[in-house]
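I opened the notebook to record what I looked up in this model. The entries follow the order in which I checked things.

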Amino acid sequence: MAQDSSSPGGSLGVKAVDKVQAMIQKSLQLPKVKFLRQRMAEAGCTVKDNFFRAVVCQGRKGMAYFAPGHGIFVCSNHVTFQDEVNQLIIHELIHAYDDCRAVNLRWNNCAHQACSEIRAGHLSGDCHFMRELLRGHFKLRGHEPECIRRRVLLSLFSNPNCVGSAAKDSMEDVWDICYNDTQPFDKAP
């Protein structure tokens, strides 16, 4: 059946999904991705290649997301470069790892989400100095914690349970313990 190329599921969306799915497959070969998948398997959460999917995202502000019980989804209509996909896969795998190892993790709990976002920001390299420069943030000292805080708050604001000061308060409450939790790495990569 022919599809309108302007529709979300149209030929442009399908082409983008196929392209991004191929980019995901390349990401799965990265040493850090292999390491995270291995650690998840050791924790009892085997992650097969079909855990990672490119999709057309509508109404989402982010570029990727982890859905517990379903996998990691990369928004093909929001990404362009292989490096973006690599970072997204690593970031979302940290969330998947947290979900795997935690007994009572509740993603709708602002503090729980804040902790995983802090860890993902810190351990994935999201806030590496060069990435920050490309985003237009030029601070030399203390850029990484500032970047992580900024990005954690952006994520928390999408959680309806994190309204008002709840997002910032939750982030600050868990900052030290979560920022210093580098599992499954021995130290922050």
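Is Phe-157 buried or exposed? I looked up its relative accessibility and found 52%, so Phe-157 counts as exposed, the cut-off being over 50%. I note that the model is a predicted one.

**Entry: around Phe-157**

I placed Phe-157 in the loop between α6 (143-156) and α7. Leaving out residues up to four places away in sequence, I found that Phe-157 touches Cys-162 and Ala-167. For Phe-157 and Ala-167 I noted a sequence separation of 10 residues and a C-alpha to C-alpha distance of 6.7 Å.

**Entry: overall layout**

I counted 7 helices and 3 strands in the protein. Read from the N terminus, the order of elements is α-α-β-β-β-α-α-α-α-α. Of the 189 residues, 42% are buried. I also looked at contacts with a separation of 6 or more, and 56% of them join residues 24 or more positions apart.

**Entry: helix α2**

I checked the length of α2 (residues 31-42) first. Its 12 residues should span 16 Å at 1.5 Å a residue, and the end C-alpha atoms are 16 Å apart, which agrees. I then listed the buried residues of α2, which are Val-33, Leu-36, Arg-37 and Met-40. They cover an arc of only 95° around the axis, so they sit on the same side of α2. An α-helix has 3.6 residues a turn, so residues three or four places apart point the same way. On the face of α2 turned away from the buried side I found the exposed residues Pro-31 and Glu-42. Just after α2, I noted that Gly-44 has a positive phi of about 95°.

From its first C-alpha to its last, α3 reaches 29 Å with 20 residues, close to the 28 Å expected at 1.5 Å a residue. I noted that α3 is mostly covered, with 15 of its 20 residues buried.

I picked Leu-93, which is found in α3 (residues 82-101). Its relative accessible area is 0%, so Leu-93 is buried. What does Leu-93 contact, leaving aside its neighbours within four places in sequence? I found Val-33, Leu-36, Arg-37, Met-40, Phe-52 and Ile-72. Val-33, Leu-36, Arg-37 and Met-40 are the buried residues of α2 listed above.

**Entry: α2 against α3**

How do the axes of α2 and α3 cross? They come within 10 Å and cross at roughly 10°. The two helices are therefore roughly parallel to each other, angles under 35 degrees counting as such. On the α2 side I listed Lys-32, Val-33, Leu-36, Arg-37, Arg-39 and Met-40 as making the contact. On the α3 side I listed Ile-89, Ile-90, Leu-93, Ile-94, Ala-96, Tyr-97 and Cys-100.

**Entry: α3 against α4**

I read that the axes of α3 and α4 come within 9 Å and cross at roughly 135°. That makes α3 oblique to α4. The crossing in which α3 passes α4 is right-handed. The residues of α3 in the contact include Ile-90, His-91, Ile-94, His-95 and Tyr-97. Those of α4 include Glu-117, Arg-119, Ala-120 and Leu-123.

**Entry: α4 against α7**

I found that α4 (residues 110-124) and α7 pack at an angle of about 55°, with axes 8 Å apart. These helices are therefore oblique to each other. I noted a right-handed crossing where α4 passes α7. From α4, the contact is made by Cys-110, Ala-111, Ala-114, Cys-115, Ile-118, Arg-119 and His-122. From α7, I listed Ala-166, Ala-167, Ser-170, Met-171, Val-174, Trp-175, Cys-178 and Tyr-179. Ala-167 is also one of the residues that Phe-157 touches.

**Entry: after α7**

Where does Pro-184 lie? I placed Pro-184 in the segment after α7 (166-179). The peptide bond from Gln-183 to Pro-184 is cis, with omega near 10°.

Technical notes. Residues are numbered from 1 along each chain as its sequence is written. This is a predicted model: local features need pLDDT of at least 70, side-chain atom pairs count only at pLDDT 80 or more; totals for chains, interfaces and linings use all residues. Side-chain values use heavy atoms; hydrogens and water are left out. Helices (H or I, at least four residues) and strands (E, at least two) are DSSP runs, numbered from the N terminus. The expected span of a helix is 1.5 Å times one less than its number of residues. Buried means under 20% relative accessible area, exposed over 50%, partly exposed in between (1.4 Å probe, protein chains only). The arc is that of the directions from the helix axis to the C-beta atoms. Axes are lines fitted to C-alpha atoms, for helices over the stretch in contact, and angles run from 0 to 180 degrees between N-to-C directions. Angles under 35 degrees count as roughly parallel, over 145 as roughly antiparallel, 65 to 115 as roughly perpendicular and the rest as oblique. A crossing is left-handed if the near helix is turned anticlockwise from the far one by less than a right angle, and right-handed if clockwise. Contact means heavy atoms within 4.5 Å.
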